[in-house]
Structure formats: structure tokens, C-alpha cells
Amino acid sequence: MTLGLLLLSVVGWSQSLNCDFNPIQFERELENYIEQTVRLSPSESAKFFPLYEEMRAKQRVYFQRDKQTRYVNPNDSKACERAVRQHDENELQLKRIQQTYHNKFLKILPANKVYQIIKAEKEFHKKKFRRAVRGRR
């Protein structure tokens, strides 16, 4: 959830700065970072990344829905209420997706590697966010 918002922020800033954001390159860099940080073997990577990409695709649907709430008129109380309720529902769905896929990951990888993957993903997004902020100054 937070990672998605972070990703949307990075994308939004890069677009507002007229930077070229390449989502394919971003995903490739993320996967490389995870693979190197966690030290996944080729066979572990072959099992993990198809599931990971499937999870990310499902999450993107909810990130996009959340992105739409940026255009709500703050003076329209009913629209704001709908936006808050939609945002909450999006977050719940993202958590459900995350939990479902974490359980799938635990079936194909040792728990310590799954934990390290989650940690590496957060670190990667944090680094990208910091770079985006630094680039804005």
C-alpha cells in the first residue's frame, strides 16, 4: 500500500518535472535489486519473479484507482466521502493481495528470503523516492 503510493509519487514527480519515467526499466531495476540484495539463486528467481510480477499487476489496478482520487473537488462533501471510502477499500484490497502472494512466496522460498524480499522492496522504493526528491531541489 505505502509502496504503491510511493511509486505513484515518484511517477508523479518525474512527470511534473518532465523527466522520462520508464515503468519497464523501473520494474527491471526493482527485480535486479531484489535478486542481488536477497541473493536469489537462478532457480529461486525463476519461481519467484513470475508470481511477483503477477502480484504487481494486480496491485497496479488499485494504485490506479487511488490515483483517480487526486481529482476530487475538496469542496464536494459527497465526492470526498466516496474518495475516502474508495481509498480505504483500495488499501484493504492491496493488503489482501499482498497477504495472498506472501503466502504463495512462502510455499516456494524459505521464510527468511521472503522477509528479505519484502525488506528489499521497501528499501528500493525508499531510495528511488529520495532520489526523486533530491532531483526536485
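Reader: Which residues in helix 2 meet which residues in helix 3?
Author: Phe26, Glu27, Leu30, Glu31, Ile34 and Glu35 in helix 2 meet Ser45, Phe48, Phe49, Tyr52, Glu53, Arg56 and Arg60 in helix 3. Contact means heavy atoms within 4.5 Å. This is a predicted model, in which local features need pLDDT of at least 70, side-chain atom pairs count only at pLDDT 80 or more, and totals for chains, interfaces and linings use all residues. Residues are numbered from 1 along each chain as its sequence is written, and side-chain values use heavy atoms, with hydrogens and water left out.

Reader: What makes helix 2 oblique to helix 3?
Author: Helix 2 (residues 23-38) and helix 3 (residues 42-67) pack at an angle of about 135°, with axes 12 Å apart. Angles under 35 degrees count as roughly parallel, over 145 as roughly antiparallel, 65 to 115 as roughly perpendicular and the rest as oblique. Helix 2 is therefore oblique to helix 3.

Reader: Why is Glu27 called buried?
Author: Glu27 has 17% relative accessibility, and buried means under 20% relative accessible area, exposed over 50%, partly exposed in between (1.4 Å probe, protein chains only). Glu27 therefore counts as buried. Glu27 touches Arg56 and Arg60, leaving aside residues up to four places away in sequence.

Reader: Where is confidence lowest, and where highest?
Author: On pLDDT, the predictor's confidence in each residue from 0 to 100, helix 1 (residues 2-16) is lowest at a mean of 47, and helix 4 (residues 77-108) highest at 96. Over residues 5-18 pLDDT stays under 50. Where pLDDT is low, the predicted coordinates should not be read in detail.

Terms used
Helix = DSSP H or I, 4+ residues; strand = E, 2+ residues; numbered from the N terminus. Axes fitted to C-alpha atoms, helices over the stretch in contact; angles between N-to-C directions.
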